[in-house]
Every structure is written in C-alpha cells, then in structure tokens.
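Biologist: Hi, could you walk me through how you name the parts of a sheet? I'm new to this, so please go slowly.

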Amino acid sequence: MASHRRPKQTNPRSTAVLTATAAAAVALSTQSASADPLPDPTKKGVQAQVDRLYEQATQATEKYNGIKEKADALKKQVASLQDSAARKQGELNELRDRIGTVAAGQYRSGGLDPALQLFLSEDPDTYLAKASALDRAGDRQTATLQQFLSQQRALRQQRGEAAEKLGDLDAVQRELGRRKGEIQGKLREAQRLLNTLSAKERARIAEGEARANRASARVDLGNEASASQRAAAAFAAAKSRVGMPYVWGASGPMSFDCSGLTSWAFRQADVSIPRTSQAQAGVGTRINSLSALRPGDLIIMRTDLSHVGFYAGNGQILHSPKPGAQVRYESIARSGMPFMWGVRIG
C-alpha cells in the first residue's frame, strides 16, 4: 500500500527570511539602476588606444625630425657643390676664350702651336701625357693649359659629387614622405576613434586636457637655482611659450613638438643643440638621478629616448607633450613616461 504522509509544514521563520532576502535583492537592484552607471569599458579602451596612437605619433615625429635634419643638410651640400661647379664653369669659359683667341691668331699666321693642338684634341689628358711637343710651347701658355685641364677635372669631380648627393637627397625625401604619412595616419586613426565616442565623452576628454593646461599656470616650481646661465636663458625662453600648441614637426615660435621646443629655446640663448630628442640625449653632461637635476637641465624620457623637455624644479617638467596638448608644466611622476636621464648644457 502506498504511504500517505502529510505535507511538510513551512517554517514561518524561514519564509520571513526568504521574503526579506528577496526584498533586499529587489531594493539593491533598484538602487543600482538609479545610481550613476559604471564606466563603459569600451570608452576606456578607446581612450587608451588614442593615447597609444598619440605616443606612437610623437615617436614617429622624432624620427621624422631626424630625417628632415639630414635632408636639410644634404640640400645645403648640394647647393654648395652646384654653386662651386657654376663658378668653376665660369672660370673654364674664360680660360677657353683666352686660349681660343691665341689659337685663332696662330691659325691666321700659318699654323697651330702643339700646345693648342693639345687643348683642341678630343682627349687632352692622353695627349698631354704623350705630346713631347708641349716642351716647345711657351711656359706661360703651358701653365694656362695645365690650369684649364686641372679645373676641368675638378669640375667633373664636383658635378659627380653633386649628382651623388642629389641621389641621397632623393632617397631621404622619399623616407621623409613615408614618415609623414605614418604620422598623419596615426593621427587620423586617433581622430576616427574619438569620433566613435559621444559628444559628451569627447567633451570630457577635452576638459581633461584643458584642466591639465590650466593647472600648468598654478604649478609651484620652488626656488632651485638654474643649472647654468645658458640653461637659465633657454629655460626662460621656454617658459615664455607656455600655452602654445603641440604641432608635430614644429620648432617655433608659435607651435612646437617636444624637441622643437628645447632646440628653439636654446637658440634664443645663442646655443645650438641637435634637433631631435635622441640626439639631444647625447650632448652636454649626463645627469642620471632625478634628485640631481636643476632647472634648465634637459630631461630625456621613454626607453627609445623619443621625448624631451626642461626640468622646471620641484619635480616638474616643462614640455610640449602630445597632439591636442599645449606647452605646459607637468609632474614628472604623473607624465606616464619613464625618466631615462638628464642633460646639462653650458
């Protein structure tokens, strides 16, 4: 026979606990829904990608600056060689006219001097080596011909050097164009990512940059003595540029990239330093400790040495940090870039 048991009675106390738990869960759910939403991880990811692209763009900018510096030097060399070749061609033309006048006179009088035959031959160098008749030419005429041949050889050499430099310049300019395209591509991608954010989020990011720029005006630099008189003059020039925008490849006076600011500032102090952060890292006296830095020292940042600024005192850097930012003071510790070493100039 089947067993008939009475259903187990529900404990009123247990029911009360379950009911209270459910009510609490509903209350928490309601509170969560009405509270400020948690940060959107997608938005955080976009900001991180944009920051990384800006970092890559500034790194590529320093490479661009180095190549541009090389291109500018090659342009000067080519121009100098071409000017020199033009002067030599003018001198050769004068010598040719003088020799031609003598040759015409000798022809009218019944013959050409062997030395003039040398000049008019298709292969003057070979003729000069073989023509014993040159001894019969007058010393003055021989010297003129020797001068002509020497300058002719020098002209050929300079034209060859100019052609070689032009080839180098063409290759460097192609590389310059490639680097420029790389930078512009990264900046376009950063802007594309920013455009995926809402207007509110973009405004929040812009306000963050604005706050950083405003905070720059209130920074406490302490009263540390400058590294040197020249460094003090360069640092003073850089301070006058606070608020100027970052523009890649720019070297002042109204916009700057990082090494553009430092090289411009030292030019105002009548000191010439290299254009790129990597090259600036190798000049002057190296300062390996942050605590040993003094205002006006250069600060080299990132493991690839792709960022540079001025030590401003009290743990601050004065620099042109990135696209979308201005020349400003910033805490070295909060810059997000590792300190490599300082450089003291002057």
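Biologist: What makes strand 3 and strand 4 count as joined?

Modeller: First, a caution: this is a predicted model, where local features need pLDDT of at least 70, side-chain atom pairs count only at pLDDT 80 or more, and totals for chains, interfaces and linings use all residues. Residues are numbered from 1 along each chain as its sequence is written, and side-chain values use heavy atoms, leaving out hydrogens and water. Now, two strands pair if DSSP finds at least two bridges between them. Strand 3 (residues 307–313) and strand 4 have three, running antiparallel, so they pair.

Biologist: And what are "strands" here?

Modeller: DSSP runs of E, at least two residues, numbered from the N terminus; helices are runs of H or I, at least four residues.

Biologist: What sits between strand 3 and strand 4 in their hairpin?

Modeller: Two residues; Asn 314 in that turn has a positive phi of about 55 degrees. Gly 313 stands opposite Gln 316 in strand 4.

Biologist: Why is strand 5 called an edge strand?

Modeller: The open sheet has six strands in the order 1-6-2-3-4-5. Strand 1 (285–287) and strand 5 are the edges because each pairs on one side only. Strand 5 (residues 328–331) pairs with strand 4 over four antiparallel bridges, with His 319 opposite Arg 328.

Biologist: Which way do the residues of strand 4 point, and are they buried or exposed?

Modeller: Gln 316 and Leu 318 point one way, Ile 317 and His 319 the other.

Conventions. Buried < 20%, exposed > 50% of the residue type's maximum accessible area, 1.4 Å probe, protein only.
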